[in-house]
Amino acid sequence: MEASHGHGQPPPAPSSSETLMAALLNVSEAQLHHLVRALAADARRLRCRLAFLLLSPPHFARALARLRSMPLPAKAALLGRVLLRSLLLLLPALCPAGGGDEYRRHHLLLQQPDLDAALLLLAMCDSYSPAAAASSPSPVYWRAVIVDGVVASALSVSGLGATPWAALAPYVDAAAKCRRFADVVASAAPSSAAKDGGGSGAAAHAAVLALPAAAGDGAPCAICREAMAPGRRGVCALRPCGHRFHWRCALRWLARRNTCPCCRAELPAQDAAAETRRLWRAVERTARGGG
């Protein structure tokens, strides 16, 4: 056995769950306490919203109809954003340097009516049993199936728990699945931007709109190689690195890539899978103790 490890082979890469747990070990006690309270409050809010949908047939029917109207790729994208939501809620504690407001106002956070459709999708996945479905009439009466699943979960040992881990565990599990889901999406549909060495696809529209104007200093633009004339017109600065480019050049560049052409600093990505990988790299830095 020892001989198999004696040839300088690198150790296996940590799993997504191990990376998250290592990152959580670098969180201070005060930050962890605040995170647990925030996640417990969010879980209560989602449970209340799901209960409202189950108790209101018109709202349930509307959310179910929206979910059924989505093609399969749209349902997969919705699931990816649901998982990404858990990672975004963990990030203010794991990566505080990114700024809590950035994560709370993130462009990929689910809003209504997609949030209701996502809640139903998760509840359907948690409650569905192939064995029970085989003996039940078709089509499946989803409202009754979800109610049975929610009641069973609420009365389980884990559902009755009030420990910090009971609040953290579902979000850590979903955030770990978020990384694996992004990897599957990337392997199934490789980004065209990656082929030309240009990062992870387009930068997020919100990040591009938030770029500040900057004063030109006569230096050449790294994209077009033309001088940036002195003054504040026609020049912008990328965040977080601060490198300056002509507006027209930056807009064309960021429509295909979310990286700075000078230093490869990353802006938020418009695509959910690409953004998941960007955020996950920040989690890995925290897990390694890099903050």
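**Exercise 1. How many Å should the 25 residues of helix 9 span at 1.5 Å a residue, and how far apart are its end C-alpha atoms?**

Solution. Start with what you are looking at: this is a predicted model, where local features need pLDDT of at least 70, side-chain atom pairs count only at pLDDT 80 or more, and totals for chains, interfaces and linings use all residues. Residues are numbered from 1 along each chain as its sequence is written, and side-chain values use heavy atoms, with hydrogens and water left out.

Step 1: helices (H or I, at least four residues) and strands (E, at least two) are DSSP runs, numbered from the N terminus. Step 2: the expected span is 1.5 Å times one less than the number of residues. Step 3: helix 9 should therefore span 36 Å, and its end C-alpha atoms are 37 Å apart, which agrees.

**Exercise 2. Find the buried residues of helix 9 and what they pack against.**

Solution. Step 1: buried means under 20% relative accessible area, exposed over 50%, and partly exposed in between (1.4 Å probe, protein chains only). Step 2: the buried residues of helix 9 include Leu 168, Tyr 171, Ala 175 and Cys 178. Step 3: with contact meaning heavy atoms within 4.5 Å, the buried residues of helix 9 pack against helix 1, helix 2, helix 4 and helix 13.

**Exercise 3. Explore the nonpolar cores.**

Solution. Step 1: a nonpolar core is a set of buried Ala, Val, Leu, Ile, Met, Phe, Trp, Tyr and Cys residues joined through side-chain atoms within 4.5 Å. Step 2: the largest one has 54 residues, and Leu 87 is among those with the most contacts inside it. Helix 4 gives the most to this core, with 10 residues. A separate second core, of 18 residues, includes Trp 253 and Leu 254. Step 3: setting aside neighbours within four places in sequence, Leu 87 touches Ala 175, Cys 178, Thr 276, Leu 279, Trp 280 and Val 283.

**Exercise 4. Where is confidence lowest, and where is it highest?**

Solution. Step 1: pLDDT is the predictor's confidence in each residue, from 0 to 100. Step 2: the protein averages 84, and 85% of the residues score at least 70. Step 3: confidence is lowest in helix 10 (residues 192-195), at a mean of 44, and highest in helix 12 (residues 247-254), at 95. Over residues 191-199, pLDDT stays under 50.
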